[in-house]
Amino acid sequence: MLPRERTPRQRIVDLLTGARLSSFQLAQMLGIPERQVEDHLPHVVKTIARDKTKKFILDPARCQDCDFVFRDRTKLTRPSRCPQCRSEDITAPRYGVDQAAQKP
Ligand SMILES: [Zn+2]
């Protein structure tokens with residue numbers, strides 16, 4: 001038996017720890033389609049939510065034309081259109097994993 005390799009989700013957590021990356025960047029680094037990264041992300045969020053030593057950071061998408069920030073967006077993927085000015089020039093959200101402040 002070969003040693004068990006890290007799963008794509010574990011590798012995503014590794015890459016995001018202390019970093020801020022878009023799903024496109026994650027896809028490039030993992031060598032998998034961006035669509036697969038987007039499928040993994042909700043599970044990564046759940047895993048992190050159960051781990052009291054870590055917290056998931058979502059750096060929200062932003063409209064390039066009017067600077068609208070998609071703060072209340074619960075979906076992780078990039079929105080297609082700005083609700084304020086209808087622009088489709090939206091920056092991708094970035095994800096990260098930080099150490100949570102430890103309470104004694
Ligand atoms: Zn806009």
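Reader: Which strands does α3 lie across?
Author: In this predicted model, helix α3 lies across β2 and β5. The helix runs at about 140 degrees to β2.

Reader: And α1, which strands does that one lie across?
Author: Helix α1 lies across β1, β2 and β5. Its direction is at about 80 degrees to β5.

Reader: In what order do the strands of that sheet come?
Author: The order is β1-β5-β2, in an open sheet of 3 strands with antiparallel pairing. The edge strands are β1, residues 21-22, and β2, residues 54-59, and each of them pairs on one side only.

Reader: How many bridges hold β2 and β5 as a pair?
Author: Strand β2 pairs with β5, residues 94-99, over 6 bridges, in the antiparallel sense. On the other pairing, β1 and β5 are joined by 2 bridges and also run antiparallel.

Reader: Which residue of β5 stands opposite L58?
Author: That residue is Y95. Y95 in β5 also has L21 standing opposite.

Reader: Let me step back. How many helices and strands are there in the protein?
Author: The protein has 3 helices and 5 strands. Along the sequence they follow the pattern α-β-α-α-β-β-β-β. The C-alpha trace spans about 55 × 40 × 20 Å along its principal axes.

Reader: Back to the helices, then. At what angle do α1 and α2 pack?
Author: Helix α1, residues 8-16, and helix α2, residues 23-30, pack at about 115 degrees. Their axes are 11 Å apart.

Reader: Is the crossing of α1 and α2 left-handed or right-handed?
Author: The crossing of these two helices is right-handed.

Reader: Which residues meet there?
Author: From α1 the residues are R11, I12, L15 and L16, and they meet L26, M29 and L30 of α2. By type, the residues of this contact divide into 6 nonpolar, no polar and 1 charged.

Reader: What about I32, where does that residue lie?
Author: I32 lies in the loop between α2 and α3, the latter being residues 34-50. Leaving aside neighbours within four places in sequence, I32 is in contact with A27, V37 and H40.

Reader: How far apart are the C-alpha atoms of I32 and P8?
Author: They are separated by 9.1 Å, while the two residues are 24 residues apart along the chain.

Reader: New topic: the metal. Which residues are the protein donors of the zinc ion?
Author: The donors are C63, C66, C82 and C85, each through its SG atom. These atoms lie 2.3 to 2.4 Å from the zinc ion.

Reader: Is the site of the zinc ion tetrahedral or irregular?
Author: The site is tetrahedral, with angles of 105 to 113 degrees among the 4 donor atoms.

Reader: How are the donor residues spaced in sequence?
Author: The spacing is C-x2-C-x15-C-x2-C.

Reader: Which parts does the pair of C63 and C82 tie together?
Author: C63 lies in strand β3, residues 62-63, whereas C82 lies in the loop between β3 and β4, the latter being residues 90-91. The pair therefore ties together parts that are 19 residues apart in sequence.

Technical notes: Residues are numbered from 1 along each chain as its sequence is written. This is a predicted model: local features need pLDDT of at least 70, side-chain atom pairs count only at pLDDT 80 or more; totals for chains, interfaces and linings use all residues. Side-chain values use heavy atoms; hydrogens and water are left out. Axes are lines fitted to C-alpha atoms, for helices over the stretch in contact, and angles run from 0 to 180 degrees between N-to-C directions. Helices (H or I, at least four residues) and strands (E, at least two) are DSSP runs, numbered from the N terminus. A crossing is left-handed if the near helix is turned anticlockwise from the far one by less than a right angle, and right-handed if clockwise. Contact means heavy atoms within 4.5 Å. Ala, Val, Leu, Ile, Met, Phe, Trp, Tyr, Cys and Pro count as nonpolar, Asp, Glu, Lys and Arg as charged, and the others, Gly among them, as polar. Two strands pair if DSSP finds at least two bridges between them. Donors are N, O and S atoms within 2.8 Å of the metal (3.2 Å for Na, K and Ca); water is not among the atoms, so sites may look incomplete. Four donors count as tetrahedral if all angles lie between 85 and 135 degrees; four count as square planar and six as octahedral if opposite donors are over 155 degrees apart and all others between 65 and 115; anything else is irregular.
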